[in-house]
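Please consult the sequence and the structure shown below while reading.

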Amino acid sequence: MKIEAEDKALAKKDKTEKVTRFATILSRLRKERGISQKNAANDLGISQALLSHYEKGIRECGLDFVVKCSEYYGVTTDYLLGVSENRNGIDVSFMPDFDEFENTSAQTLIQASIILMNMIKSLNDTNTVNYIYDYYILCVYRGALNMAKAGILPKEMFKINLNVGRDLANAAITVEDAKFVFIEDKSRTGTDLNERTALHKIITMAEELILNKFILE
C-alpha cells in the first residue's frame, strides 16, 4: 500500500509539473506576441477567465486546446507541453556536413556566399556594408518563404503569413535597390530645368518624403 501511495504521489507531482510547464509557456507565447489575454481567448474560442486559469495552471486543458494553441502560436505541441525546447520541430542535426557538398553546385553557392561575406568585412563604407548585409538576409528570407510555400520548410518557422511575408520581402528588397542607387550615384540633385512649377514642387516634396522615410539612414 505504501508503494502504491508513493506511485500516486509521484504521478500527481509529475502531472502538476506538466500543467505548470504548459501554463508558463502558454502565457509566455502570448506575451511575446503582444496579444492581450482577452484577444487571445477570443481567437482561441474560450472565455478570458478560462484562459487565465490555463495560464496560471489552475485548470488542465484538453488535447484539442493544446493543438489549437500550437497552430495559433506557430509552435509544436511538444514545445507547448515542455517536452521539447525546439519551437518548430526542426532537428538541425539533419543538415549535412560541409564536406558532403564537395563537387556540387551547393558548394559553389556556399563558397560564393563566403566570398561575399569576406568582401563585406574588408569594406570601410558603412552604407555599402549595411546594404549588402540587409539585401542578403532579405533574399535568403524570400527563398525560405518560397520553400515553405512548397512544403519543403515547415510554415511554423514563420511568424508572418507566407504571402504577406513575401510581399513585404519584395518591397524591402526594392527599397534596398533604391538605397544602392544612391550609394552608387550621390550626384542626384533633382531637375536641371530652370522653370519651377507646382508640379516640380510636388515632385520635390514627394522625393524628399521617400528619401527621409525609406532611403536615407
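**Salt bridges and their setting**

Glu-32 is partly exposed, its relative accessible area being 41%. The structure discussed here is a predicted model. Two salt bridges are counted in it, one of which joins Glu-32 to Arg-28. Side chains of opposite charge can pair when their charged atoms come close.

**The pair within helix H1**

- The side chains of Glu-32 and Arg-28 form a salt bridge with an N to O distance of 4.0 Å.
- Helix H1 spans residues 2–33, and because Glu-32 and Arg-28 stand four residues apart in it, about one helical turn separates them.
- An α-helix has 3.6 residues a turn, so residues three or four places apart point the same way.
- Arg-28, with a relative accessible area of 33%, is partly exposed, as is Glu-32 at 41%.

**The pair between helices H1 and H3**

- A salt bridge also links the side chains of Arg-30 and Glu-55, with 2.7 Å from N to O.
- Arg-30 belongs to helix H1 and Glu-55 to helix H3 (residues 48–56); the pair therefore ties together parts that lie 25 residues apart in sequence.
- Are these two partners, Arg-30 and Glu-55, buried or exposed? Both Arg-30 and Glu-55 are buried.

- Besides Glu-55, the buried residues of H3 include Leu-50, Leu-51, Ser-52 and Tyr-54.

Technical notes:
Residues numbered from 1 in each chain as written. Predicted model: local features only at pLDDT ≥ 70, side-chain atom pairs only at ≥ 80, totals over all residues. Heavy atoms only, no water. Helix = DSSP H or I, 4+ residues; strand = E, 2+ residues; numbered from the N terminus. Buried < 20%, exposed > 50% of the residue type's maximum accessible area, 1.4 Å probe, protein only.
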